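Please keep the sequence and the structure in view while reading.

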Amino acid sequence: MSGKKHPKLLIASPEEIAEGKVTDVYFIRTRQILNARGIHENVRVEIMVKSFPENWQWALFAGLDEVLEIMEGHPVTIRALAEGTPFKPYLPVMEIEGDYLDFGIYETAILGCLCQSSGIATAAARCVKLAAGRPVVSFGARRMHPVLAPLVERSAYIGGCSGVATVKSAEVLGITPTGTIPHALVIIMGDSVTAATAFDEIIDPALPRVALVDTFGDEKFESLAVADALGGKLSALRLDTTSSRRGDFSRIFQEVRWELDQKGYSHVKLFASGGLNEKSIVRLNHVVDAYGVGTSISAAPTVDYSLDIVEVGGEPRAKRGKMSGSKELFRCPTCMEDTILARGAEAPICERCRIKAEPILKTIMKDGKRTSQSPTPSRIRKDVLAVLERLDVEPT
Ligand code: PCP
């Protein structure tokens, strides 16, 4: 393959992050001052969110695995929610304990991992919830710097997306990348039928035949032409109609659906993509079978966590606006009601359900060693899809 093997990109390498170079300089100066004064304080810091973007009522806790990767080997102890756990503002989602000099400079990187991944995972989960069982595929890697593609698409996947588009991300997730046909192939080959037929003749027969039907002509007639050409082998048609021609996308789908059914192609599913968001998903659910969502998921707003000291040398101490001391977060397994108590407190009985609430902050790292193997992205996704049934989403 031609081209540079190691293009110079505007990125920080994992090694530089591990060295603590992705840090706000005032953390370096803090370390310098504490060192100069010989101050080694064992502290506990707490991570939480004060408010969510848009009208989000909950967010998914995500990005934990990368934080553990960065913290591994540093003499710290970490308690946190399980990755994929939904939470609300003002709840402690993670606590790190150790000598501030051993981990203080990693605040920037730790928050960066959590803020972006949680935003994308939550945006994906909201789209998945609103799609009400129809698959949502992550199409958004192209909207972010390519170095972030695995992060973007892992977050979208654990948030509930049924597939990811890029080869690298699918490799990281251990799944097959999901893709259809790009306009480029139809334009080069001259029409959608030739492109779909070539796909069918050349590409692995195990992969679904999803044809693109909006490049040159009207979606209805292109759909019928492709269906006539592939017949029973055709599993779906993708409509990615350009915005200048889109008009009422739902009506276009209804027309295509009607004509396909009239001609006996009721087995052919309809796949929508291009500029989709929560509201367009709700509008299209009555006629569309699956979605490809890019920007609305990959360019999701971040979940703005803050990391603050709550204890110094075993003494509760926190800034204004923060509750001091180490805490326990209990959740009722039935109604998901949360209760914050001081660390070491007895598990409370849920007033509504009259059952014992469970502590949901788990010790996942002790003295820089992971206490258990992290769940796989597929396992986290499964848990997210299960809890998503109990969460509400008001489309934005
Ligand atoms: C791309 C892809 C999705 C778009 C981009 C990503 O479309 O097919 O529709 O989703 P977003 O709009 O939600 O960010 P094009 O570049 O128009 O088409 P092609 O499929 O040919 O790449």
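The buried residues of α12 are covered by several elements, including α10, β9 (234-239), α11 (243-246), β10 (269-273) and α13 (278-284). Contact here means heavy atoms within 4.5 Å. Helices (H or I, at least four residues) and strands (E, at least two) are DSSP runs, numbered from the N terminus.

The residues of α12 that count as buried are Phe249, Ser250, Ile252, Phe253, Val256, Arg257 and Leu260. Buried means under 20% relative accessible area, exposed over 50%, and partly exposed in between (1.4 Å probe, protein chains only). Because these residues cover an arc of only 160° around the axis, they lie on the same side of α12; the arc is that of the directions from the helix axis to the C-beta atoms. An α-helix has 3.6 residues a turn, so residues three or four places apart point the same way.

## Basis of the model

The model is predicted: local features need pLDDT of at least 70 and side-chain atom pairs count only at pLDDT 80 or more, whereas totals for chains, interfaces and linings use all residues. Residues are numbered from 1 along each chain as its sequence is written, and side-chain values use heavy atoms, with hydrogens and water left out.

## The packing of α9 and α10

Helix α9 (residues 192-202) packs against helix α10 (residues 219-230) at an angle of about 35°, and their axes are 9 Å apart. Axes are lines fitted to C-alpha atoms, for helices over the stretch in contact, and angles run from 0 to 180 degrees between N-to-C directions.

From α9, the residues Ser192, Val193, Ala196, Thr197 and Asp200 meet Glu222, Ala225, Val226, Ala229 and Leu230 of α10. The residues of this contact comprise 6 nonpolar, 2 polar and 2 charged. Ala, Val, Leu, Ile, Met, Phe, Trp, Tyr, Cys and Pro count as nonpolar, Asp, Glu, Lys and Arg as charged, and the others, Gly among them, as polar.

## Lysine 88

Lysine 88 is placed in the loop between β4 (86-87) and β5 (94-99). Lysine 88 counts as partly exposed because its relative accessibility is 46%. Leaving aside residues up to four places away in sequence, lysine 88 touches Phe52 and Gln57.

## The whole protein

The protein has 15 helices and 18 strands. Of its 396 residues, 48% count as buried.
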